[in-house]
Amino acid sequence: MTLNDLHNWVSKLGLNPHPEGGYYKSTFVSDELVTDKELSANFEGERKLYTSIYFLLPSEEVSHFHRLKSDELWYFHGGSSLTIHVIHENGEYEELKLGLDLDKGEVPQIIVKKNSIFGSSVTEKDTCSLVGCMVSPGFEFQDFELFTQDELLGKYPQHQEIIMKLAYKELPE
C-alpha cells in the first residue's frame, strides 16, 4: 500500500484522524459491560467488554507514545509492516514487529499489555500500514494518556533516541 493509496483507504474505510497520529475508525463494540470490580484494572464506571478499530498509519507519521489502562491486541491487515515500540512498566524498551514476513521476525498478531507506554512506526518509506486493534476492557478516551518528550525523558532518559522520535514535543490541543 503506497502513500498514493492513503486517501482511497481513508475514504473507503471512513477513517478519521487519531490524536496519537494516523487514522482510525471504530469497527466493533461489545454489547457486554464490565466494571473494575471484576478486573485488575482501575477505572471509573463501566467499560465495554471489548472494542475494535481499524488503524492506518502512513510512513511519514508516527503513532505517538501513549498508554492505555487495558490490553491492546494488534492484527496486521496489509501494507507495510509496522514496528510497535514499547516501554514496559519496568522501564525496559522493546521493539515488536507486526507483519507477515516471519523470516524477518514479524508476526501477524501482537499484544501490548495494559499500562505499557507505546507507539508505532511504519517500517518502509512511502507506504502505509493497515492494522486492527482490539482493546479489552474496551477503549475509552478517558483511559488514553499521551506523553511529551520532557515527561518521558524525565522518567526514561536511557530511551532518549526513541522518545525524541515518538513523543510529542507539546501535546496537541
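In the hairpin of β1 and β2, where five residues lie between the strands, glycine 21 adopts a positive phi near 120 degrees. The structure is a predicted model, in which local features require pLDDT of at least 70 and side-chain atom pairs count only at pLDDT 80 or more, while totals for chains, interfaces and linings use all residues. Residues are numbered from 1 along each chain as its sequence is written, and side-chain values use heavy atoms, with hydrogens and water left out.

The chain contains three helices and 13 strands (DSSP runs numbered from the N terminus, with H or I over at least four residues for helices and E over at least two for strands). Along the principal axes, the C-alpha atoms fill a box of roughly 45 × 40 × 40 Å.

Six strands form an open antiparallel sheet in the order β1-β2-β5-β12-β7-β10, two strands being paired if DSSP finds at least two bridges between them. The edge strands, each pairing on one side only, are β1 (16–17) and β10 (109–112). Strand β1 is joined to β2 by two bridges, and asparagine 16 stands opposite tyrosine 24 in β2. Six bridges connect the antiparallel strands β2 and β5; tyrosine 23 has leucine 56 in β5 as its bridge partner. Strand β7 (residues 71–79) is joined to β10 by four bridges, with tyrosine 75 opposite glutamine 109 in β10.

Helix α1 (residues 6–13) lies across β2 (23–29), β5 (51–58) and β12 (128–136), running at about 160 degrees to β5 (axes are lines fitted to C-alpha atoms, for helices over the stretch in contact, and angles run from 0 to 180 degrees between N-to-C directions; contact means heavy atoms within 4.5 Å).

The largest pocket holds about 250 Å³ of space. A pocket is an open set of points on a 1 Å grid over the protein atoms alone, where a 1.4 Å probe fits, with protein on both sides within 12 Å along at least five of seven lines; lining residues have an atom within 4 Å of a point. Of its 18 lining residues, His18, Tyr24, Ile53, Glu72 and Phe139 are the closest to the centre. Strands β2, β5, β6 (62–68), β7 and β12 each supply at least two lining residues, and β5 provides the largest share, four residues.

Definitions and conventions. Points joined across faces, edges and corners; volume = space filled by probe spheres on them.
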